[in-house]
Amino acid sequence: MRSRLPTLLLATACALAYASPASRAQRVSPMQAGKFLQICSSPRGAQICDAYITGMADSFALIQSVADKSDGTVKLKPQICIPRATAGAAMRDSVVSWLKGHQDRLHSQVGESVYEALRTAFPCNG
């Protein structure tokens, strides 16, 4: 199995784009959500899709854990709470379903769309 480091780095870059207005100048994937939907809907693309979504989910969790350990000056309310036992295929199914239900978002940036799909599928309670 190949290293997930490149995927995690890309996902971290995408996730950090949501952290502050200044970070919007950072590089994010130019892929559109529609192309990602095509990849995720193909049996041959399932592993790639799962790796990207898992990397995004890991990035969100990492950002939250770093914020939780801060000195208290920055508070981030968790937006996505994915149970530990959730498989990549389940996250993929949620993202694919969300994308199919939001055809108007298929020209959006993939990271933004995956974030919204995961936030909708796995909201935090409280």
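Visitor: Why is the disulfide of Cys81 and Cys124 called right-handed?
Guide: In this predicted model, the torsion about the S-S bond of Cys81 and Cys124 is about 100°, so the disulfide is right-handed. The pair links distant parts of the chain, 43 residues apart: Cys81 lies in the loop between helix H3 (46-68) and helix H4 (88-101), and Cys124 in the segment after H5.

Visitor: What makes Cys81 and Cys124 a disulfide?
Guide: The S to S distance of Cys81 and Cys124 is 1.9 Å, and a disulfide requires sulfur atoms within 2.5 Å. The pair therefore qualifies.

Visitor: Why does Cys81 count as partly exposed?
Guide: Buried means under 20% and exposed over 50%. Cys81 has 36% relative accessibility, so Cys81 counts as partly exposed. Cys124, at 21% relative accessibility, therefore counts as partly exposed as well.

Visitor: Which other cysteines are joined by a disulfide, and are they buried or exposed?
Guide: Cys40 is joined to Cys49, with an S to S distance of 1.9 Å. Both of these cysteines, Cys40 and Cys49, are buried. The torsion about their S-S bond is about 90°, so the disulfide of Cys40 and Cys49 is right-handed.

Visitor: How do you know that the span of helix H5 agrees with its number of residues?
Guide: At 1.5 Å a residue, the 12 residues of H5 (residues 110-121) should span 16 Å; the end C-alpha atoms are 16 Å apart, which therefore agrees. At the start of H5, a side-chain oxygen of Gln109 comes within 2.8 Å of the backbone nitrogen of Gly111.

Notes:
Residues numbered from 1 in each chain as written. Predicted model: local features only at pLDDT ≥ 70, side-chain atom pairs only at ≥ 80, totals over all residues. Heavy atoms only, no water. Helix = DSSP H or I, 4+ residues; strand = E, 2+ residues; numbered from the N terminus. Expected span 1.5 Å × (residues − 1). Polar contact = N/O pair within 3.5 Å; in protein donor to acceptor, adjacent residues only side chain to side chain. Buried < 20%, exposed > 50% of the residue type's maximum accessible area, 1.4 Å probe, protein only.
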